[in-house]
Number of protein chains: 2
Amino acid sequence: MEKDVRVIEVKRSIFENNDQDAARLRAELKEKKVFLLNLMSSPGAGKTTTLLALARALKGRLKMGVMEADIDSAVDAEKMLEAGVKAIQIHTGGMCHLDADMTRQGLYEFGMDGAELIVLENVGNLVCPAEFDTGAVRNMTILSVPEGDDKPLKYPLMYEKCDLLVVNKTDVMPYFDFDRQRMEQYARQRNPKIDILYISAKNGEGIDALADWIVAKANEWRA
Amino acid sequence: MEKDVRVIEVKRSIFENNDQDAARLRAELKEKKVFLLNLMSSPGAGKTTTLLALARALKGRLKMGVMEADIDSAVDAEKMLEAGVKAIQIHTGGMCHLDADMTRQGLYEFGMDGAELIVLENVGNLVCPAEFDTGAVRNMTILSVPEGDDKPLKYPLMYEKCDLLVVNKTDVMPYFDFDRQRMEQYARQRNPKIDILYISAKNGEGIDALADWIVAKANEWRA
């Protein structure tokens, strides 16, 4: 299967000012009417499974493509391609995050013409990806129930930077001590404006509401 | 509660060669007969809960202290102190990992005289902490069942660097698609010599075997 996956080895950025470079990339996305969503989370929070569920929910509403960033392996892009979603795999060469220029390298390989929604599945990491503006239009983070309700306390920047917090794996809520109210309170301490949605990517709960959120933001951007 | 926790704000290292500095720190630990264990994992894999279970299992066998490293908050050190475990909280000032000098700053504040086992609970992150030798005698990583069996494929360095892989949250194994054989195969691809243990920090399964592993390695080091 791996032979079918296009793997892009991105190079370390040559730009000193990543914020300026990210703004340039966003202007280009605006001009091309491409909505780029940066998806971040801990390893194993369910980014790929959520994107597979989203691809089904968005069918006929918004054309979705995915850039999978990982240090190694191409398993995530393989899963996307198997599900009929346009996808490429980005290898970061050991880097713990993507910056705007690395994202641009991925986008140019992916192809932006005619694209509507491109999701950048960032490296699984709650720390470093939040420090670098990728040029995305919106940032989304997934917190899975088994990780616990205290994550916004320990990883403040991730929650400050994100427009949307998706709590995944609600199907296993009964088996974990996860206090929704406490988690929401911690998250809003970090970012009073953050939107919060609950989903189970496994059984589909809440996926339509997540699709609606993305479609609304994409329409706003692409208008 | 937070007022009782000693919080150390560690400074960015001034040493250019971290590997050399880590070797110096390890020599000092050897001389003082202190076994330093570096514990790494994704956010929410259960590092703190495992340490609380270990503290009970090691009682009367090995004196354990804990240095909790986080970007923010002191919740982990508070939990340790409540359980009667000597603990300090290290704040990394936004840094995604600890290097040898940051570890040394923590150890000096913690106090090494008479210490037997000190666990460094590193920042929750599967990428960056594996890149920096902290000076620890052994490295251990926790993979929790909900994170999935493919993590050794995606985060190769973490598994290459660790002596022990502990799979936690076996109590929820029935609710997740986690293939033990596949995970072990991936992990041994990265590191043929890695030891693998299965535990549930929540219900105590496997904790005695984990305590035995640590006692054996500590005795070897402190002999």
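**Figure 1. Two copies related by a rotation.** In this predicted model, a rotation of 180° superposes chain A on chain B. The shift along the rotation axis is 0.0 Å, and the RMSD is 0.0 Å. The two copies are thus related as by a two-fold rotation axis. The same surface serves both copies. Of the contact residues of chain A, 100% recur in chain B.

**Figure 2. The interface of chain A and chain B.** The size of an interface is often given as the accessible area lost when the parts come together. Here chain A and chain B bury about 2,600 Å² between them. Carbon and sulfur atoms account for 58% of that area. Three residues of chain A stand out: Pro43(A), Lys154(A) and Tyr175(A). Together they supply 23% of the area that chain A buries against chain B, more than any other three residues. In terms of contacts, 34 residues of chain A meet 34 residues of chain B.

**Figure 3. Polar contacts and the side of chain A that touches chain B.** Between the two chains, 10 residue pairs are in polar contact, both residues at pLDDT 80 or more. Two helices of chain A, α3 (75-82) and α5 (151-154), each supply at least two residues of the side that touches chain B. What kinds of residues make up this side of chain A? They divide into 15 nonpolar, 6 polar and 13 charged.

**Figure 4. Salt bridges across the interface.** Side chains of opposite charge can pair when their charged atoms come close. The structure holds 26 salt bridges over all chains. Across the interface of chain A and chain B there are 4. One salt bridge joins the side chains of Asp76(A) and Lys154(B), at 2.9 Å from N to O. This pair crosses between chains. Asp76(A) sits in helix α3 of chain A, and Lys154(B) sits in helix α5 (residues 151-154) of chain B. Another salt bridge links the side chains of Asp72(B) and Arg190(A), at 3.4 Å from N to O.

**Figure 5. A stacked pair of tyrosines.** Over all chains, the structure holds 1 aromatic pair. Which residues form the aromatic pair? Tyr175(A) and Tyr175(B) do, and their rings are stacked. The distance is 3.7 Å centre to centre, with 10° between the planes. Tyr175(A) lies in the loop between β7 (164-168) and α7 (180-190) of chain A, and Tyr175(B) lies in the loop between β7 (164-168) and α7 (180-190) of chain B, so the pair joins two chains.

Methods: Residues numbered from 1 in each chain as written. Chains lettered and ligands numbered in written order. Predicted model: local features only at pLDDT ≥ 70, side-chain atom pairs only at ≥ 80, totals over all residues. Heavy atoms only, no water. Contact = heavy atoms within 4.5 Å. Buried area = accessible area lost by both parts, 1.4 Å probe. Polar contact = N/O pair within 3.5 Å; in protein donor to acceptor, adjacent residues only side chain to side chain. Helix = DSSP H or I, 4+ residues; strand = E, 2+ residues; numbered from the N terminus. Nonpolar A, V, L, I, M, F, W, Y, C, P; charged D, E, K, R; others polar. Least-squares fit on C-alpha atoms with pLDDT ≥ 70 in both. Phe/Tyr/Trp six-rings, centres within 6.5 Å; stacked < 30°, edge-to-face > 60°.
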